[in-house]
Each structure stands twice: as C-alpha cells, then as structure tokens.
Amino acid sequence: KMSQWLVHAVVHSFIVFWLPYNLARESEVWSAHGDVDGMYVFGTATYSALIFAMCWKAGMEMASLTWINHAAIWIGSVTFFSSFLIGYSLLGSYAPEFYGVAEHMLTSPRFWA
C-alpha cells in the first residue's frame, strides 16, 4: 500500500509541475507595455493545479462522500482559493507585481487546456 501511495505521489507531482510548465513554455504578450508571462503566472498556474489535484485526491480517498465532505472540498477549498486569488490580484497598491495575474491566467486558453 505504501509503494502505491509513493507511485501516485510521483505521478501527481509530475502532472502538477509539467502540465503548467509545458503550457507556459511559449509566452504570449499580454500587456500594452509588452510584458510577457512570467514567474507569477507560471507559479499561480502551478499552485492552482496543486489545489485542484489535492482536492480531487482527497475526494477520491474518502470512504463515503457526504454533502458535508463535498462542500468542504469544493466550496471550502476551491472556492476560497479562487476568491482569494482574484481578490489579491486586484490589489494593485498592496501587490503591484501580482496585479492582473489572475485575470490574465484565468482568461488564457492555455490555462484551461
């Protein structure tokens, strides 16, 4: 059983890192000033993939999936993360280097591929 968990962990870690990495290899211009996708967009996409993979794995490992568990995973974790990501990305005075990252990432077709 432990070896199965280790194999799953290695497979999931490759998916969580390499999928966003391969999608972000060719940057696209996304601002009027010529800024391109960078570390913030890649890091946010990778962390988003990690959140979704973690929630999916937690949902699959439960012996019984009740509405409380379902709400805690999807409403509690995913919705909170998405709301925080969008809200934090809109705080230009607090985090100027992160301003607009969520908007760009969520509207990019590569993120949803």
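Predicted model: local features only at pLDDT ≥ 70, side-chain atom pairs only at ≥ 80, totals over all residues.
Visitor: What makes E61 partly exposed?

Guide: E61 has a relative accessible area of 41%. Buried would need under 20% and exposed over 50%, so E61 falls in between.

Visitor: Why is the pairing of E61 and K57 called a salt bridge?

Guide: Their side chains meet at 3.5 Å, N to O. The cut-off is within 4 Å, for a side-chain nitrogen of Lys or Arg and a carboxyl oxygen of Asp or Glu, so the pair passes. A search of the whole structure finds 1 salt bridge.

Visitor: Where do E61 and K57 lie?

Guide: Both are in helix 2 (residues 39-61), 4 residues apart, or about one turn of the helix.

Visitor: How do you know that T44 is buried?

Guide: T44, another residue of helix 2, has a relative accessible area of 9%. That is under 20%, so T44 is buried.

Visitor: What makes the approach of T44 to Y40 a polar contact?

Guide: A polar atom of the T44 side chain lies 2.6 Å from the backbone oxygen of Y40.

Visitor: Which residues have the most contacts inside the largest nonpolar core?

Guide: Those are C55, L85, F98 and M105, in a core of 13 residues. Helix 2, helix 3 (67-89) and helix 4 (101-107) each give two or more residues to this core. Beyond neighbours within four places in sequence, T44 is in contact with L85, F98, V101 and M105.

Technical notes: Residues numbered from 1 in each chain as written. Heavy atoms only, no water. Buried < 20%, exposed > 50% of the residue type's maximum accessible area, 1.4 Å probe, protein only. Core = buried A, V, L, I, M, F, W, Y, C linked by side-chain atoms within 4.5 Å. Polar contact = N/O pair within 3.5 Å; in protein donor to acceptor, adjacent residues only side chain to side chain. Contact = heavy atoms within 4.5 Å.
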